[in-house]
Amino acid sequence: MRYTKQLLTLQQQIDILKQRGLVIDNETEAVSVLDTISYFRLAGYWRLMEADKQSHIFKPNSHFNQIVSLYHFDEELRLLIFAAIQSIEVTVRARLIRIFSERHGAFWFMDSTLADSTTMHQNNINSLQEELNRSEDEFILEHFQKYDTPSMPPVWKTLEVASFGTLSKLYANMNDSAAKKAVSRSFGIPKFEYMRNWLRCITVVRNICAHHARLWNTNIVVKPNLPSHLPHPWISNQQVNRDKLYPHLCYIAYWLNSINPSNTFTKDIKALLKKYPVVDPAAMGFPRGYENEPLWQ
């Protein structure tokens with residue numbers, strides 16, 4: 001089937017939404033919002049308000065300003081999460097470099113004998129080479145002006161330009177379990193398998209934030225491990241929907257607490273929910289009584 005629909009003006013978009021039952025109190029303001037955010041970016045936030053997903057008819061008493069509030073909530077939520085992940089990423093990078101270098105030297109990431117999978121090892125090397133080639137960092141450019149052997153700079157330079165996804169894959173593929181455990185335990189994570197899983201999960205959440213995609217009420221493709229016990233304040237209720245955001249917020253909060261115990265991440269999340277009463281925490285997988293969990297107190 002050939003796509004034949006043409007671009008609609010902002011007023012035509014407003015008219016369609018009104019015809020479908022959406023209450024728009026201020027059309028001038030709504031036109032400005034659609035001109036700033038766009039129709040289909042907002043569409044993800046009004047899906048739950050639709051009574052009929054085929055005809056896109058809205059439920060009674062659905063208001064445009066509720067949709068805009070959900071959008072701004074999600075925007076602020078992504079900023080909070082991205083800042084937390086940034087702190088985690090920087091520290092994971094530093095400890096991964098230090099702990100493995102103490103055991104295996106400056107070029108351990110290039111050593112295929114330290115890898116579980118030679119195929120994954122080569123993929124990681126290819127990714128690192130691409131990232132080095134793209135880098136405009138002075139310390140990388142200066143290194144290649146002075147040295148040509150080995151083919152890559154030492155780990156403390158190379159991994160500084162590696163993506164979080166590459167770091168995650170590099171850690172997962174290393175066969176030195178003792179070193180992997182030393183890294184995970186430095187964050188109060190007793191098993192490296194937990195950290196390996198959390199690294200994979202947090203990379204996906206980070207990418208959602210970085211691409212300004214909808215995080216509120218979305219299904220996240222990777223599911224985090226939720227240990228029954230951890231050495232620091234954690235959650236007692238692991239019977240939660242692992243497709244939703246809440247369990248990801250839990251391991252992010254735990255991880256961040258191990259790095260900076262005085263952080264305000266959980267307080268900021270709770271304050272944000274209070275600021276936007278239109279948001280139903282259950283849509284993000286928050287269980288009843290989550291505020292009473294040790295992690296969230």
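Visitor: What is a salt bridge here?
Guide: Take a side-chain nitrogen of Lys or Arg and a carboxyl oxygen of Asp or Glu. They count as a salt bridge when the nitrogen is within 4 Å of the oxygen. The model is predicted.

Visitor: How far apart are the closest N and O atoms of Glu76 and Lys275?
Guide: Glu76 and Lys275 form a salt bridge. The cut-off is 4 Å. The closest N and O atoms of this pair are apart by 3.1 Å.

Visitor: Which helices hold Glu76 and Lys275, and how many residues apart are they in sequence?
Guide: Glu76 sits in helix 4 and Lys275 in helix 12 (residues 265-275). The pair therefore ties together parts whose separation in sequence is 199 residues.

Visitor: Is Lys275 buried or exposed?
Guide: Exposed means over 50% relative accessible area. Lys275 has a relative accessible area of 51%, so Lys275 is exposed.

Visitor: Why are Asp74 and Arg78 about one helical turn apart?
Guide: An α-helix has 3.6 residues a turn, so residues three or four places apart point the same way. Asp74 and Arg78 are 4 residues apart in helix 4. That spacing is therefore about one helical turn.

Visitor: What is the N to O distance in the salt bridge of Asp74 and Arg78?
Guide: Asp74 and Arg78 are both buried. Their side chains meet in a salt bridge, N to O, at 2.9 Å.

Visitor: Where do Asp243 and Lys223 lie?
Guide: Asp243 forms a salt bridge with Lys223, with the closest N and O atoms 2.9 Å apart. The pair ties together parts 20 residues apart in sequence, because Asp243 and Lys223 both lie in the loop between helix 10 and helix 11 (246-259).

Visitor: Are Asp243 and Lys223 buried or partly exposed?
Guide: Buried means under 20% relative accessible area, and exposed means over 50%. Asp243 is at 26%. Lys223 is at 46%. Asp243 counts as partly exposed, and Lys223 is likewise partly exposed.

Visitor: How many salt bridges does the structure hold?
Guide: The pairs above are among them, including Glu76 with Lys275 and Asp243 with Lys223. The total for the structure is 9.

Visitor: Why is helix 8 largely enclosed by the rest of the structure?
Guide: Helix 8 covers residues 164-173. Its buried residues include Phe164, Leu167, Leu170 and Tyr171. Helix 8 is largely enclosed because the buried residues number 8 of the 10.

Visitor: What covers the buried residues of helix 8?
Guide: Gly165, Thr166, Ser168 and Asn173 are also among the buried residues of helix 8. The cover includes helix 4 (64-104), helix 5 (118-134), helix 9 (177-185) and helix 10 (192-210).

Visitor: Which residues form the negative surface patch?
Guide: Glu138 is one of them, and it lies in helix 6 (residues 138-146). Glu138 counts as exposed because its relative accessibility is 60%. The patch is formed by Glu136, Asp137, Glu138, Glu142 and Glu160.

Visitor: How far apart are the centres of the positive and negative side chains?
Guide: The protein chain has 33 positive side chains and 29 negative ones. The centres of the two sets lie apart by 6 Å.

Visitor: How many helices and strands does the protein chain have?
Guide: Along the sequence, the pattern is α-α-α-β-β-α-α-α-α-α-α-α-α-α. That gives 12 helices and 2 strands.

Conventions
Residues are numbered from 1 along each chain as its sequence is written. This is a predicted model: local features need pLDDT of at least 70, side-chain atom pairs count only at pLDDT 80 or more; totals for chains, interfaces and linings use all residues. Side-chain values use heavy atoms; hydrogens and water are left out. Patches are made of residues with over 30% relative accessible area and no salt bridge: like charges are joined within 9 Å, nonpolar side chains (Val, Leu, Ile, Met, Phe, Trp, Tyr) within 5 Å. Accessible areas come from the Shrake-Rupley method with a 1.4 Å probe; for residues, only the protein chains shown count as cover. Lys and Arg count as positive and Asp and Glu as negative; His and the chain ends are not counted. The place of a charge is taken as NZ of Lys, CZ of Arg, CG of Asp or CD of Glu. Buried means under 20% relative accessible area, exposed over 50%, partly exposed in between (1.4 Å probe, protein chains only). Contact means heavy atoms within 4.5 Å.
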